[in-house]
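Please read this note with the sequence and the structure side by side.

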Amino acid sequence: MTAPKPSLVQGLRARRAKKRHEASLGRSAAATLSSKPGQLLVYLLVFLWTIPTFGIFISSFRPEIDVKTSGWWNWFADPSLTLDNYRSVLSSGPGQDDLWTFFLNSVRITVPSVILSVGLGLMAAYALSWMKFRGRDWIFVGIVGLLMVPLQMALIPMLQLFSGGAHIGSVTIFPDLDLTGEVYGVWLAHTAFGLPLVVFILRNFVAALPRDIFEAARVDGAGHLTIFLRLVVPLSVPAVASVSIFQFMWIWNDYLIALIFAGRENAPIVRQLATLTGTRGQSYHLLTAAGMVSMVVPVAVFFALQRFFVRGLLAGAVKG
Amino acid sequence: MGDIVSAIVVTVIALAALAALLAAMYWVVGRLPKRWREGARAWVFLFPAAVAVTIGLLVPAIRTIYLSLLDDNGEKFVGFDNYVDVFTTTGTRLTVFNSLSWVLVGTLATVAVGLAMARFADGMRIESAAKSAIFLPGAISLVGTGLIWGFVYAGPPFDVGLLNAVTEGIPGLPDGWGGGGDRLWLLERGFGGVEPPDSAPGVNTFLLIVVFIWAQAGISTVIFSAAIKGVPDSLIEAAKVDGATDQQTFYRVTLPYIRSTIVTVATLTTVAGLKAFDIVAATTGGRFGTSTIANEFYVIRFVQGRSGVGATLAVLIFILVIPVMILNRRAQARAEEMMGG
């Protein structure tokens with residue numbers, strides 16, 4: 001083993017030094033940007049934005065009597081911890097909150113809705129960017145234009161559709177599937193409402209894939225289905241991940257659609273939390289634990305996959 | 001456990017059936033004469049999404065506009081009576097006013113907090129942690145957010161509210177409605193079993209807007225932060241060479257450069273404010289003068305069962321959203337022109 005050529009070592013060293021120099025420059029340039037009062041403001045905002053959540057977090061571990069008689073900040077003077085609140089909201093049985101069931105409902109609603117909206121959205125994105133047919137651009141503009149339609153505009157007729165089908169005179173154009181309160185109806189609603197944004201983001205991504213690879217694949221005799229499954233799907237993983245997480249958060253945290261389309265049986269945890277908030281009255285110490293249970297998944301996703309989430313958000317923010 | 005297994009099985013079967021259907025359609029159109037094949041195949045890819053948005057958004061939206069012109073039973077044509085009704089009835093007029101307050105106050109504050117965070121946290125050692133802290137509420141459902149703030153605003157008879165604890169020592173504040181020095185800040189539906197009168201005064205709407213700002217500021221921070229980091233160094237350096245102070249550089253170079261981003265964030269917040277439902281529904285339920293258009297839509301249509309006015313409120317949200325969206329589009333287009341495409 002001989003030592004690497006001196007010139008190479010020097011080059012590497014020089015490059016590393018340059019990088020270090022740039023890094024320090026960047027830091028100092030940025031540091032001058034934020035003044036002392038500015039930094040104080042940042043600390044203040046961070047404090048204000050953290051304290052409410054922190055309070056409920058602490059409260060959820062305090063004994064019932066403590067939660068009801070003193071503010072959570074008293075915990076520091078008298079730290080006593082218990083899991084009773086969690087045990088109580090998660091246990092099942094008559095008169096119990098049984099939040100675990102509603103937690104599973106959330107999973108049952110969210111996962112298929114995300115798969116459906118992103119899967120169908122990716123197919124549409126491919127068709128809208130790499131397949132030739134008449135009216136392609138108009139259809140894209142039409143789908144993106146639906147971004148403007150607020151959810152509320154679609155709720156009443158869609159619920160009527162689920163509960164009675166659609167008819168013109170005596171001709172049934174959409175069968176009465178009796179989807180009211182069923183989890184499938186919630187899937188359909190989330191898929192329909194999510195698709196415009198999903199198609200918009202994914203089409204922008206898929207359309208920007210290099211033309212060469214599609215031409216090479218076609219020369220090799222690949223059809224659209226092969227190209228889609230072997231090229232588009234694997235190459236779109238970053239965009240799909242961002243959009244999926246964005247959709248996941250949205251659907252998990254949704255209240256309105258769940259309130260209207262999911263029956264009491266199929267209610268996701270966020271809806272159940274709202275119900276508890278409205279009816280709890282005297283045992284509101286349990287709300288702290290119930291709130292934490294409803295947050296644990298989105299917050300975990302947020303911390304684990306923040307980069308993807310932010311990317312999805314930035315892509316979605318450009319929308320008109 | 002049986003429930004979970006059956007749920008998974010049902011889901012997998014449903015998704016597999018859809019996939020099989022699409023594969024079969026793809027195979028069938030492959031037998032078509034050559035000149036139709038390409039177009040037909042494209043439609044196989046496109047049609048599930050197209051069908052979903054058509055029956056889920058397009059047709060319902062048109063039908064809602066139609067329903068807004070019918071009476072509350074959806075039977076008799078009444079023209080624009082429902083629209084007149086919304087603006088002449090005290091209750092609904094207040095909801096329109098409240099929604100506009102959400103938009104105005106909420107948007108201004110969200111943009112301001114986002115810009116401040118993006119500007120001042122930039123380059124700080126705690127930058128990413130600070131941004132995460134501001135952003136975290138955005139990951140929590142708005143129902144959960146309302147609950148969290150319920151514990152901040154909590155008033156008598158329960159001595160657990162943070163806001164009361166903080167303001168206790170401030171002299172000169174009105175004693176409020178709680179008595180005993182504690183103020184009943186937010187009049188909530190059922191929190192702690194309190195049932196205040198519907199006519200109770202106060203700053204309820206403002207307190208709910210604070211919750212909204214708290215939930216939205218993270219998104220605005222993240223977007224502004226990305227935009228500010230995207231300002232070319234050469235521009236900043238040129239300004240510095242010309243002797244501009246940091247403040248001047250920010251106001252004269254950075255802000256104009258990211259103007260279209262500011263419009264985007266304002267649009268995002270405005271639309272979210274117009275659709276504000278969860279926070280209101282989960283805290284006050286729209287009582288005590290806090291209802292917004294979106295909440296009133298739910299109450300009137302799904303609690304009172306009035307189809308005409310309900311549809312009208314939905315259309316009203318749509319009508320208010322359109323100009324904002326168009327302004328945003330224009331700003332984006334102008335920005336693209338300026339940047340050379």
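**Notes on the predicted model**

1. The contact between the two chains is the place to begin, and here 91 residues come from chain B and 91 residues from chain A. Please keep in mind throughout that the model is a predicted one. On the side of chain B that touches chain A, helix α2 of chain B, which covers residues 34–67, gives the most, with 20 residues. If that side of chain B is sorted by class, it has 63 nonpolar residues, together with 17 polar and 11 charged ones.

2. Chain B, taken by itself, has 14 helices and zero strands, and you can follow this from the N terminus on, where the elements run α-α-α-α-α-α-α-α-α-α-α-α-α-α. Chain B has 341 residues, of which 46% count as buried. Where contacts in chain B join residues at least 6 apart in sequence, 66% of those contacts join residues at least 24 apart.

3. How is chain A divided? Chain A has a domain 1, spanning 34–82, and a domain 2, spanning 99–317. The C-alpha centres of these two domains of chain A lie 35 Å apart, and the contact between them takes seven residues from domain 1 of chain A and five residues from domain 2 of chain A.

4. Which elements of chain A each supply at least two residues of the side of domain 1 that touches domain 2? They are α2 (36–60) and α3 (64–69) of chain A, and the largest share of that side, four residues, comes from α2(A). By class, the residues on this side of domain 1 of chain A divide into three nonpolar, two polar and two charged.

5. What is A124(A) in contact with, once its neighbours within four places in sequence are left aside? Its partners are then V199(A) from chain A, and F45(B), L46(B) and A49(B) from chain B.

Note on methods
Residues are numbered from 1 along each chain as its sequence is written. Chains are lettered from A and ligands numbered from 1 in the order in which they are written. This is a predicted model: local features need pLDDT of at least 70, side-chain atom pairs count only at pLDDT 80 or more; totals for chains, interfaces and linings use all residues. Ala, Val, Leu, Ile, Met, Phe, Trp, Tyr, Cys and Pro count as nonpolar, Asp, Glu, Lys and Arg as charged, and the others, Gly among them, as polar. Domain bounds come from an automatic or database domain assignment. A residue is buried if 20 or more other C-beta atoms lie within 10 Å of its own, exposed if 12 or fewer, and partly exposed in between; C-beta atoms are placed from the backbone.
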